[in-house]
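Work through the exercises below with the model open. Try each task before reading its solution.

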Amino acid sequence: MSQHLEELFESNRRWSAATEAREPGFFSRLLKQQTPQYLWIGCADSRVPANELVDLLPGELFVHRNVANVVAHSDLNALSVIQFAVDHLRVQHIIIVGHSNCGGVKAALMDTRNGLVDNWLRHVKDVRRMHQDFLEGLPAEYRVDALCELNVLEQARNTCYTTVVQDAWARGQEVVVHGWVYGLHNGLLDDLRMTVSGTTDVTEAYAKALAGIHRRFLGAPPSAESALAAAAPLAPALAADSSATPDMAGQPAG
């Protein structure tokens with residue numbers, strides 16, 4: 001086993017040379033500006049490389065990743081990233097991206113013990129409890145991906161209620177929050193239709209997105225009462241959540 005990882009340095013040199021040959025001046029231009037329009041908040045899973053999935057170059061996508069793409073109101077790391085992206089980089093879109101067959105979501109669903117990370121995954125377990133009746137009504141093989149999607153929905157809603165996003169909307173700044181899911185089995189992104197551009201849009205957008213998840217997994221939307229009840233604004237201190245999408249042909253993603 002190599003102790004100095006020379007193979008990675010060699011790969012880096014080849015990549016740098018190939019990039020500069022393909023686009024002369026690329027790195028000198030990159031030094032001068034960082035003007036991404038998008039903040040991507042995704043899972044730390046190594047199979048979900050943010051820039052590559054949307055074919056964007058360095059400098060075009062601001063990225064924050066953690067286990068199970070959680071946005072917790074107590075997480076100063078995530079909140080600092082959001083604040084820098086919104087207030088300083090002036091990103092126009094914040095995209096919460098979960099993925100199918102997420103190991104963190106699976107551990108939260110199955111109560112698997114993995115050590116310190118179990119404390120972090122309590123945020124995803126909160127999502128599981130919020131949607132327990134729905135999840136228990138699904139075939140066992142669909143539950144992980146259903147919880148992945150629900151988790152994205154809840155994390156996107158948490159993002160909407162951060163002070164940073166709320167303040168941006170209050171001063172008229174254009175920021176749109178999105179909830180997406182990535183299919184490991186096909187390499188495609190799906191829009192969960194949790195798209196919010198202002199405080200007054202959160203409840204309706206959440207209810208519609210939740211109904212969409214129910215339709216995909218159950219074939220029927222939840223009642224209007226249950227969807228709107230679930231969409232009621234959360235207290236600012238509530239911990240965050242996350243989610244992912246099933247295959248539209250009827251087989252959940254992953």
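**Exercise 1.** Decide whether Asn-66 is buried or exposed, and find its polar contacts.

*Solution.* Asn-66 has a relative accessible area of 10%. That makes Asn-66 buried (buried is under 20%, exposed over 50%, partly exposed in between, with a 1.4 Å probe and protein chains only). The model is predicted: local features need pLDDT of at least 70, side-chain atom pairs pLDDT 80 or more, while totals for chains, interfaces and linings use all residues. Residues are numbered from 1 along each chain as its sequence is written, and side-chain values use heavy atoms, without hydrogens and water.

Next, the partners. The Asn-66 side chain makes a polar contact with the side chain of His-64, at 3.5 Å (a pair of N or O atoms within 3.5 Å, one able to donate a hydrogen and the other to accept it; residues adjacent in sequence count only if both atoms are side-chain atoms).

**Exercise 2.** Describe how helix 5 packs on helix 9.

*Solution.* Take the axes: they are 9 Å apart, at an angle of about 110° (lines fitted to C-alpha atoms over the stretch in contact; angles run from 0 to 180 degrees between N-to-C directions). Helix 5 is therefore roughly perpendicular to helix 9 (65 to 115 degrees).

Now list the contact (heavy atoms within 4.5 Å). Helix 5 gives Val-105, Lys-106, Leu-109 and Met-110. Helix 9 gives Arg-143, Val-144, Leu-147, Cys-148 and Asn-151. By class, six are nonpolar, one is polar and two are charged.

Notes
Helices (H or I, at least four residues) and strands (E, at least two) are DSSP runs, numbered from the N terminus. Angles under 35 degrees count as roughly parallel, over 145 as roughly antiparallel, 65 to 115 as roughly perpendicular and the rest as oblique. Ala, Val, Leu, Ile, Met, Phe, Trp, Tyr, Cys and Pro count as nonpolar, Asp, Glu, Lys and Arg as charged, and the others, Gly among them, as polar.
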